[in-house]
Amino acid sequence: MAAARPPGGRGTPGRRPGPGLRPRLTVLATVLVALVSALLLWLGWWLVGGVAQSSVPAFPEGGTVRVDGVEVPAEQVGQAVGAAARAEVLRAGLIAFPLVVVAAAVVSWVLVGRVLAPLHAVTATARRLSAESLDERIALRDARGEVAELAAVFDAMLDRLQAAFDAQRRFVANASHELRTPLAVLRTEVDVTLADPDADLDELRRMAEVVRDATRRADELVGALLLLARTQAVGHLDARPVDLAELAASSVAAVSGAAAARGLRMSVSAAPAPAAGDPVLLGRVAGNLLENAVRHNVPGGWVEVCTGPVAGGAELRVASGGDVIAPERVAELFEPFRRGPRDRTGDAGGAGLGLSIVRAVVLAHGGSVRGDAVPGGGLAVTVRIPHTPGGGH
């Protein structure tokens, strides 16, 4: 059983918040004004008395002089004038001092309120936000300086959050569709076969083959989803020296049978390409690129594989023929469930996660990935992996 938190501890929901920034700044400004006013009053009291005392002319001794209605000996006139001046300054100061302090408090309260108003707008917007209302923005137009910068950064953060939530919703919807398709095939085949009382052995074998293909497709999709999630959530890579040329050669050998069946011309230029990273994940990068190059090619097409060193790391480039892809749509191919120039469809080959996994693995290694449309049809993908993980950031 978890230990209970003491009342008022950090994170306790019922904890009362302390005084706000506005009253604290107002009190601070008022105290500072009061201290400065008191200092000025004391300096005025001291200086006026001294000046008044030193400016009185000398009177003959033995006489008296009336100062402020009081008879004062001639030799004490200077002191009496200085004391009277100081008393006058003190009387005026005791009237002005509280007025100045009150005025400072009022002005500070108003000015601090105006300065903090944008912060209250940020707070109010943050309180209203939820996953369903991320389209709200602060959009301060009258603020300046640091407050305007804070509002702009907050709006930019909301833009990123909304994009992430939208991408997550699309991903979940697409994954649900992709998983539902093989399950629907399984259910339909089993229902049709069970509803046929005259189903013979050939019909049962045909159903078994369909069920096998549907389960294989579902298994591939789940495996790809798990790999993508693992790559995106990876916190520490098992980095070892790897050669992209060896990984590419292994992937070429794995797809050579499928390439020969489709009559594809394979061209391999595998120069040593030393890098550092997780061999399994980087092997999946090469495998996905080669599998895509074969799957989305045209009969009798071509595939080119090149590896080699580059500044700070190694490069793997896989180019292939295929359908014509608009250059502005190349970036979409790295989104989940996109297959070539077509959006995901139920009968398209693969799970549509190959390039998404490639991008996630490359970014986890601190590398870069770029796709380019091939004139006449096809796609070229260039991957760069640094010598040290994270070196590409």
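1. Where pLDDT is low, the predicted coordinates should not be read in detail.

2. This is a predicted model, in which local features need pLDDT of at least 70 and side-chain atom pairs count only at pLDDT 80 or more, while totals for chains, interfaces and linings use all residues. Residues are numbered from 1 along each chain as its sequence is written, and side-chain values use heavy atoms, with hydrogens and water left out.

3. The average pLDDT of the protein is 78, and 73% of the residues score at least 70. Over residues 1–14 the pLDDT is below 50, and this stretch has seven contacts in the model beyond near neighbours in sequence.

4. Of its 393 residues, 33% count as buried. Buried means under 20% relative accessible area, exposed over 50%, and partly exposed in between, with a 1.4 Å probe and protein chains only. Among contacts between residues at least 6 apart in sequence, 70% join residues at least 24 apart.

5. Helices α5 (residues 244–261) and α6 (residues 279–295) pack at an angle of about 35°, and their axes are 9 Å apart. The axes are lines fitted to C-alpha atoms, for helices over the stretch in contact, and angles run from 0 to 180 degrees between N-to-C directions. From α5 the contact takes L244, L247, A248, S251, V252, V255, A258 and A259, and from α6 it takes P279, L282, G283, A286, G287, L290, E291 and V294. By class these are twelve nonpolar, three polar and one charged residues. Here Ala, Val, Leu, Ile, Met, Phe, Trp, Tyr, Cys and Pro count as nonpolar, Asp, Glu, Lys and Arg as charged, and the others, Gly among them, as polar.

6. S256 is also a residue of helix α5. S256 counts as partly exposed because its relative accessible area is 36%. Its side chain reaches the backbone oxygen of A253 at 2.9 Å. S256 and V294 are 38 residues apart along the chain, with 9.1 Å between their C-alpha atoms.

7. Leaving aside residues up to four places away in sequence, T307 touches L244, A245, A248, S269, A270, A271, A273, E315 and L316. Of these, L244 and A248 also take part in the contact of α5 with α6.

8. Helix α7 (residues 354–364) is mostly covered, with eight of its eleven residues buried. The buried ones are G354, L355, S356, I357, V358, A360, V361 and V362. After α7 comes G366, with a positive phi near 75°.

9. V147 lies in helix α3 (residues 145–195). V147 is buried, because its relative accessible area is 19%. V147 and A117 are 30 residues apart in sequence, and their C-alpha atoms are 9.6 Å apart in space.

Key
pLDDT = per-residue confidence, 0-100. Contact = heavy atoms within 4.5 Å. Helix = DSSP H or I, 4+ residues; strand = E, 2+ residues; numbered from the N terminus. Polar contact = N/O pair within 3.5 Å; in protein donor to acceptor, adjacent residues only side chain to side chain.
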